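Subject: Structure handover

Hello,

Here is the structure I promised to pass on. Please open it next to this email and follow along.

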Amino acid sequence: MKALVVGGGIGGLAAAVAFHQRGWQVEVLERASEITEIGAGLSIQPNGLRALDTLGLGDILRTSGQTGPLQGIRSVNGAWLIRNDTEELERRFGPWAIIHRATLVDILRAALPAHALRPGTAVQRVLPDGTVHYEGGSSTADLVIGADGVHSVTRRSIWPSAAGPRYVGYTTWRLLTAPHAIDTAGSVETWGRGERFGYIPMPDGRVYCYLMGNAPAGSRTGLAQLRERFARWHDPVPALLDAAPADALLQHDTFELPDLSTYVAGKVAVLGDAAHAMAPNLGQGACQAIEDAVTLAAAVDTLGAEAGLREYDRLRRPRTQMIAQLSRRVGAPAHWTSPLATALRDTALPLLPGALLGRSITPAYTWTL
């Protein structure tokens, strides 16, 4: 049996590894000339680690990149708005890990034979019968897996009338600082008015920072402007921006996808951002893509391609669409701009039960195959 994977990112490579381990012939068709990742840090939460366990790869991250869960959310002046019981979260759900995106791509890529990787292959059209057209030719397979991101060619080919990506109203910056000491074992996020700043220490002493701010789609902001914008925020926010190399900043507008009525058609399935791109407010994007990949492989291997695709859709579509909706709701208050609304938010959040995060995120963290 042969599977063609459109897209060589984390979700696509995880799917290729899952099918390769089950004896399938796999080919990964990637538009870029090299299968790699230019992003910064990536938090892999307990459900994502369990998904990687099904590929025999979870312990690599637990050993080299273990970190703690979100310690909480602070206001611009440093006061805690939400303080999480991180020991209880780890006891209930398991460990968190932090890794560079490129490192995870390397780990997944190393689990595949070199001949399975076809960089520089720009897919132009995917047909429900398992045919993939790309620059210079075409291929057919028993299964086509569209893992080609929020602007997926696979999704547009199979569901041409489906609504496309929608801009959520804020842009996202990511960067890695030079090694910098901070007094935290996990991640911390700070909410302002229409903007926020989060940071997670990396195993090598660097710090992964992510920033989000309301902005028109397509606008661009440099590191010097961000240093000025966040200069009066609590420590260590200004120091972390000062510790960032000049060429460290990545900026991407933030998109999400409207719900599809199905993730499968004919011999084609979509997964990850191609199926359910979500705002990054829960840090679940990569975790859900890996879950998709291993669930799809298990369902098809157990039930056969036709029934397995139906089972994949039954299992994954309600779950991922629920998490996308939860992510949208969780992040919304950080992007309020009204002084009154944000003042009420900062007053109300500290009054909420301390176990709120654990209760709200339980459906995401407790996944098993």
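Contact here means heavy atoms within 4.5 Å. Leaving aside neighbours within four places in sequence, R220 is in contact with T171, Q225, Q251 and D253. R220 sits in the loop between β16 (207-214) and α7 (223-229). Helices (H or I, at least four residues) and strands (E, at least two) are DSSP runs, numbered from the N terminus. F255 is 35 residues from R220 along the chain, and their C-alpha atoms are separated by 16 Å.

Two notes on the source. This is a predicted model, where local features need pLDDT of at least 70 and side-chain atom pairs count only at pLDDT 80 or more, while totals for chains, interfaces and linings use all residues. Residues are numbered from 1 along each chain as its sequence is written, and side-chain values use heavy atoms, with hydrogens and water left out.

Now the helix pairs. Axes are lines fitted to C-alpha atoms, for helices over the stretch in contact, and angles run from 0 to 180 degrees between N-to-C directions. Angles under 35 degrees count as roughly parallel, over 145 as roughly antiparallel, 65 to 115 as roughly perpendicular and the rest as oblique. A crossing is left-handed if the near helix is turned anticlockwise from the far one by less than a right angle, and right-handed if clockwise. For residue classes, Ala, Val, Leu, Ile, Met, Phe, Trp, Tyr, Cys and Pro count as nonpolar, Asp, Glu, Lys and Arg as charged, and the others, Gly among them, as polar.

Helix α10 (residues 285-303) packs against helix α11 (residues 305-331) at an angle of about 155°, and their axes are 7 Å apart. The two are therefore roughly antiparallel. The crossing of α10 over α11 is right-handed. On the α10 side, the contact residues include Q288, E291, D292 and L303. On the α11 side, they include A305, Y312, R316 and I323. By class, the residues of the contact of α10 with α11 are 10 nonpolar, 4 polar and 5 charged.

α10 also meets helix α2 (residues 46-53). Their axes come within 9 Å and cross at roughly 30°. That makes α2 roughly parallel to α10. The crossing is left-handed. From α2, the contact is made by N47, G48, A51 and L52. From α10, it is made by C287, Q288, I290, E291 and V294. The residues of the contact of α2 with α10 divide into 5 nonpolar, 3 polar and 1 charged.

Which helix has an axis that comes within 9 Å of the axis of α5? Helix α1 (residues 10-21) does, and the two cross at roughly 20°. α1 and α5 are therefore roughly parallel. Their crossing is left-handed. α1 brings I10, L13, A14 and V17 to the contact, and α5 brings R101, L104, V105, L108 and R109. The residues of the contact of α1 with α5 are 7 nonpolar, no polar and 2 charged.

α5 leads on to a sheet. Helix α5 (residues 101-110) lies across β3 and β7, running at about 90° to β7. Two strands pair if DSSP finds at least two bridges between them. The open sheet has 3 strands in the order β3-β7-β4, with antiparallel pairing. Its edge strands are β3 (41-44) and β4 (66-67), and each pairs on one side only. β4 and strand β7 (residues 96-100) pair over 2 bridges. Q66 has A97 in β7 as its bridge partner.

Another open sheet of 3 strands runs β9-β10-β11, also antiparallel. At the edges are β9 (123-126) and β11 (137-140), each pairing on one side only. Neighbouring strands of this sheet are turned by 20° against each other on average, direction ignored. β9 is joined to strand β10 (residues 131-134) by 3 bridges. V126 has V132 in β10 as its bridge partner.

Two last items. The whole structure holds 8 aromatic pairs. Rings of Phe, Tyr and Trp (its six-membered ring) pair if their centres lie within 6.5 Å; planes under 30 degrees apart count as stacked, over 60 as edge-to-face and the rest as tilted. One of the pairs is F93 with Y365, edge-to-face at 5.1 Å centre to centre and 70° between the planes. This pair links distant parts of the chain, with F93 in helix α4 (residues 86-93) and Y365 in helix α13 (residues 356-365), 272 residues apart. Finally, the peptide bond from D235 to P236 is cis, with omega near 5°. P236 is in the loop between α7 and α8 (237-242).

Best wishes
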